[in-house]
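Here are my notes on this one, jotted down as numbered points. Have a look at the model first, then read on.

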Amino acid sequence: MSRVIFHSGEDIPLELHKVRIVQKLSLVPIERRLEAVREAGNNTFLLKNRDIFLDMLTDSGVNAMSDKQLAAMMESDDSYAGSETFTKLETKIKEIFNMDYFLPVHQGRAAENILSQVFVNPGQVVPMNYHFTTSKAHIVLNGGRVEELVGDEGLKVTSNHPFKGNIDLDKLNALIAAEGRDKIAFVRIETGTNLIGGQPHSLQNLTDVSAICRKAGIMLVFDASLLADNLYFIKTREDACKDMTIREIARKLADLSDVMYFSARKLGCARGGGICTNSREAYLKMRELITLYEGFLTYGGMSVREIEAITVGLDETMDEDMVSQGPLFIAFMVNALVKQGVPVITPPGGLGCHIDAKRFLPHVPQSQYPAGALASALYLVSGVRGMERGSISEQRNPDGSEVYSDMELLRLAMPRRVFTLSQVKYAVDRIVWLYKNRDLIGGLKFVEEPQMLRFFFGKLGTVTDWQATLVAKFRADLGDSL
Ligand SMILES: *Cc1c(COP(=O)(O)O)cnc(C)c1O
């Protein structure tokens, strides 16, 4: 991309697409939002879309599609076996990633189910930079355990390290020496490391990890779900790669992995997913489980329309203009908040903007869920829906005691090509107002707590009636604004 410089000196991300289909949004008054957040038990997963203005819950399955993707969906070949639509995707995977074998799955976690069932034996360990919820769950379900080897910098909230998702090579070597090859199911590296703030790894790091794995005879599995953002960060933050094209970087990353899988809800702006490999042996081991859990080998639980959308979406992702959009909008939002003193994860990563609730609400103890309280308060004052990524997202110990998470984050995801800059500025404005009034925000307590996945279904109440106070202050400061 030839960088666009504004003569005013302002650093503004410029949309490199135009909008041709729109969806009406509603911004209901704060009084209705107070009712809605109470009905939802202060759990943003339980809010209804009609009460939400900007939905920043996730980037999964909600990125905007292109005109070419929609057009391709109209010409899909709907056959159970041998569909031409599937052959197009298989050919595109070979073209971009040079992978000979492609297995379709209905979404990313389905790939994790199959990989874990085939390659993880009880008592084995899977070293990785950092876990993702579903990847860890499938490994554990199959009797394995996870070892997180991300560099120390990765767990610092504020940093200027360009690649906080890198695996620490010394830790990896030490683990291999301690466990021995047979105890290691495979090494997993997650691109655009989700749970530590969408932070990237470098091409150099994957090169080094791959060399260590090949020398030790250990399979390297690459979770490419958040590849788009990571490609952009490699191109713009890694000196040795600044003259490479996005396509060249993608190809290099694939060459270094033995198995690559992805959620097409993120990569390719569609839905579905897949597993790619050059190993016939690995392919044959996984093939039967695809037919058992997903569907026949030429659809894997996806509709042919989705498969057409993935083929075009992957091709469009191999473009610097396209992959720049998420990171540039996120950087705009992060930098605007940093400027106003709001505590956020730095440097800006992919996926979204992550607010540090521990520092935003130092007066709310972890036992009263600061990230959950912040998610509830932000929805209340803005209609912006984020996702709690803190202790509510953990599960209690068997004895009932709480597991407190390393970080208490409010994640505000930035679906690609969905929001305009003025919408992002609105979100920033309301977050800054909330920060100025942060003393008014109090804690939460569970009123309905399911044993499993409490962050999806649980309901919480406020410890004191701080929400009414917050609404009154909003009205006093902002008049009859929505
Ligand atoms: C979302 C995600 C997955 C799981 O994909 P789904 O399509 O949601 O099942 C796996 N890994 C990473 C890094 C993800 O972000």
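1. Start with Arg454, which touches Asn43, Tyr369, Ser391, Ile392, Glu394, Arg396, Glu402, Phe446 and Glu449, leaving aside residues up to four places away in sequence (contact means heavy atoms within 4.5 Å). The side chain of Arg454 also reaches the backbone oxygen of Ser391 at 2.7 Å. Arg454 sits in helix H16 (residues 454-457) and counts as buried at 4% relative accessibility. For the terms: buried is under 20% relative accessible area, exposed is over 50%, and partly exposed is in between, with a 1.4 Å probe and protein chains only. Helices (H or I, at least four residues) and strands (E, at least two) are DSSP runs, numbered from the N terminus.

2. A word on the source: this is a predicted model, where local features need pLDDT of at least 70 and side-chain atom pairs count only at pLDDT 80 or more, while totals for chains, interfaces and linings use all residues. Residues are numbered from 1 along each chain as its sequence is written, and side-chain values use heavy atoms, with hydrogens and water left out.

3. Leu453 lies in the loop between strand E13 (444-448) and H16. Its phi is positive, near 50 degrees, in a residue other than glycine, and Leu453 is partly exposed at 36% relative accessibility. Arg417 is another non-glycine with positive phi, about 65 degrees; you'll find Arg417 in the loop between E12 and helix H15 (421-436), partly exposed at 22%.

4. Check the peptide bond between Thr346 and Pro347 too: it is cis, with omega about -5 degrees. Pro347 belongs to the loop between helix H12 (320-339) and E9.

5. Now the open sheet: 3 strands in the order E9-E12-E11, paired antiparallel (strands pair if DSSP finds at least two bridges between them). Strand E9 (352-356) and strand E11 (387-389) are the edges, each with a single partner strand, so one side of each has no neighbour in the sheet. E11 pairs with strand E12 (residues 409-413) over 3 bridges, and Glu388 stands opposite Leu410 in E12.

6. Which buried residues does H10 have? They are Ala282, Tyr283, Met286, Leu289, Ile290 and Glu294. Their cover includes strand E2 (101-105), helix H4 (108-119) and strand E8 (273-277). After H10 comes Gly295, with a positive phi near 145 degrees.

Definitions and conventions:
A polar contact is a pair of N or O atoms within 3.5 Å; within protein, one must be able to donate a hydrogen and the other to accept it, and residues adjacent in sequence count only if both atoms are side-chain atoms.
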